[in-house]
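Me: I have a structure open and would like to go through it with you. Could we begin with the aromatic residues?
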Amino acid sequence: ASEMLGASLGARTDGPGVAPLRAWLALLSRLHGIDEASRRDRSEPHVEYESRRWVLAFNLALNVASATELLVARALDGEDRSPEASRAARGAFWGGAAALLEWLAARKGTHEWRRVSAGSAAARSLEGVEPHDPDVVLMDVCSMPVSLHLPLHRFVAAVALRAAAAGLDPLPPLSKASRGDRRRARAAARSLAELSDDDDEPSAERTAASRTLGATDIKDLFQDAAMDDAQELDAAAAAADDDVDEAADEAARDALGRALADHPLRALAYGAHVNAGLWRRNGHATLSTALSYASPPLCHSLRDCDVAAVQLACVASGAERVAALCLQRFCVDRYLLAPTEAP
C-alpha cells in the first residue's frame with residue numbers, strides 16, 4: 001500500500017485529484033449506505049431472529065470514521081490559513097462533494113434518490129405531498145430502507161468543520177475547485193436534477209453501481225484513481241483556462257445542499273422513531289443500533305457529523321428548504337394543516 005501511495009502521489013499534488021484521496025473516497029463510496037433496515041409495520045410479525053450483523057457494520061464504520069478524522073486533521077492542522085491550507089481544504093471538500101453527488105447519481109431512480117414532480121402518481125402515494133409543492137425526493141422512513149452508515153456525508157462535514165475551525169471557508173465556491181472536481185460535480189448535479197416520474201424499474205447502470213466492498217479489489221481503487229488523475233492532467237493541458245459557468249456552479253451547490261441534508265435526516269429520523277417505540281417489531285438489534293448511533297462516545301463520529309451535514313446544507317441551499325425536508329423525513333408533515341389566508 002505504501003508503494004502505491006508513493007507512486008500515485010507523483011501524479012498530482014494540488015489536493016483534490018491526488019490519487020490516494022480519490023481512492024479513499026472510492027472506498028467510502030463502497031461503504032456508503034450499508035446495512036440498511038426497513039421498519040416492520042403492524043401487518044408484519046415481530047422479528048424472530050436477532051441478527052448481529054449490525055455489530056460488524058458499526059465496527060467497520062467506526063474504523064473508517066477514525067481514519068477519515070485523522071486524514072482531515074493531518075491535512076488541515078491548527079489555524080493555518082496559508083494558500084496551501086486553503087487549497088487542501090477546497091480539494092478535500094469538493095473531492096468529497098463530487099464523490100457524494102456521483103454516488104447519488106449512480107442510484108438515481110431508486111429509494112436512494114428518486115426525484116419526481118409533486119403532481120406525479122408516485123408522489124401522490126405519499127402522505128403530506130401537495131400537488132402545488134415543488135418536485136420532491138421520494139422517501140418515507142417509516143416504510144423504506146434506511147442506513148446509518150454515511151461515510152461520504154461525514155467526510156464532507158468533517159472537512160467543513162475543520163476548515164471553519166481553522167478560519168477558512170467551510171463551503172468554498174465551486175469555481176475554486178480543481179477542473180476535474182468541478183466537471184464531476186456539475187455532471188452529477190445535472191443528472192440528479194432529472195425527474196423520474198415514469199421510471200419504475202432499476203436500470204443496469206444502477207445494478208452495477210450497487211457493488212459492495214466485498215466485490216471490490218482495493219488495489220483496483222488506487223489504480224483507477226491514478227488513471228483518472230493521468231487523464232485529468234491530459235484534459236487540463238488541452239483545455240482552455242476559462243471554465244466559468246455560474247449557472248452550473250449554482251446548480252451543483254443546490255444539488256449538494258439537498259444531498260447533504262437528505263440521508264443524514266433519514267438517519268436522524270430513524271433514531272428518533274426507534275426511541276419513540278415505532279420500530280419495536282424489528283427487535284432489540286434495532287434498539288442497539290439507535291443507541292450506538294446517538295450515545296457518546298460513538299455519536300461523535302456518527303450522529304454529530306450528520307447534524308453538521310444538515311447545518312452545512314442550510315448554508316448551501318437555505319434553512320427554509322432544509323426545515324421543510326426535516327418535517328418530511330421525520331414523517332410529521334402529514335399532520336400539519338395547510339396554511340389558510342385571512343378573510
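This is a predicted model: local features need pLDDT of at least 70, side-chain atom pairs count only at pLDDT 80 or more; totals for chains, interfaces and linings use all residues.

Me: Which ring does Trp279 pair with, and what is the geometry?
Reply: Trp279 pairs with Tyr270. The ring centres are 4.8 Å apart and the planes stand at 75°, so the pair is edge-to-face.

Me: And Tyr270, is that buried or exposed?
Reply: Tyr270 counts as buried, at 3% relative accessibility.

Me: How many aromatic pairs are there in the structure?
Reply: The structure holds 3 aromatic pairs. One of them joins Phe93 and Trp94 in an edge-to-face arrangement, with 5.3 Å from centre to centre and 85° between the planes.

Me: Are Phe93 and Trp94 buried or exposed?
Reply: Phe93 is buried, with a relative accessible area of 1%. Trp94 also counts as buried, at 2% relative accessibility; the cut-off for buried is under 20%.

Me: Changing topic: helix 13. Which of its residues are buried?
Reply: Helix 13 covers residues 319-329, and its buried residues are Val322, Leu325 and Arg329.

Me: Where do they sit around the helix axis?
Reply: Viewed down the axis of helix 13, the buried residues fall within an arc of 60°, so they line one face of the helix.

Me: What covers them?
Reply: The cover over the buried residues of helix 13 includes strand 2 (136-137), helix 10 (246-275) and helix 12 (303-317).

Me: Which elements supply the lining?
Reply: Helix 2 (19-31), helix 3 (53-75) and helix 6 (151-165) each give two or more residues to the lining of the largest cavity. Helix 3 provides the largest share, 6 residues.

Me: Last one: what is the lining made of, by class?
Reply: The lining of the largest cavity has 13 nonpolar, 3 polar and 2 charged residues.

Definitions and conventions. Residues are numbered from 1 along each chain as its sequence is written. Side-chain values use heavy atoms; hydrogens and water are left out. Buried means under 20% relative accessible area, exposed over 50%, partly exposed in between (1.4 Å probe, protein chains only). Helices (H or I, at least four residues) and strands (E, at least two) are DSSP runs, numbered from the N terminus. The arc is that of the directions from the helix axis to the C-beta atoms. Contact means heavy atoms within 4.5 Å. Rings of Phe, Tyr and Trp (its six-membered ring) pair if their centres lie within 6.5 Å; planes under 30 degrees apart count as stacked, over 60 as edge-to-face and the rest as tilted. Ala, Val, Leu, Ile, Met, Phe, Trp, Tyr, Cys and Pro count as nonpolar, Asp, Glu, Lys and Arg as charged, and the others, Gly among them, as polar.
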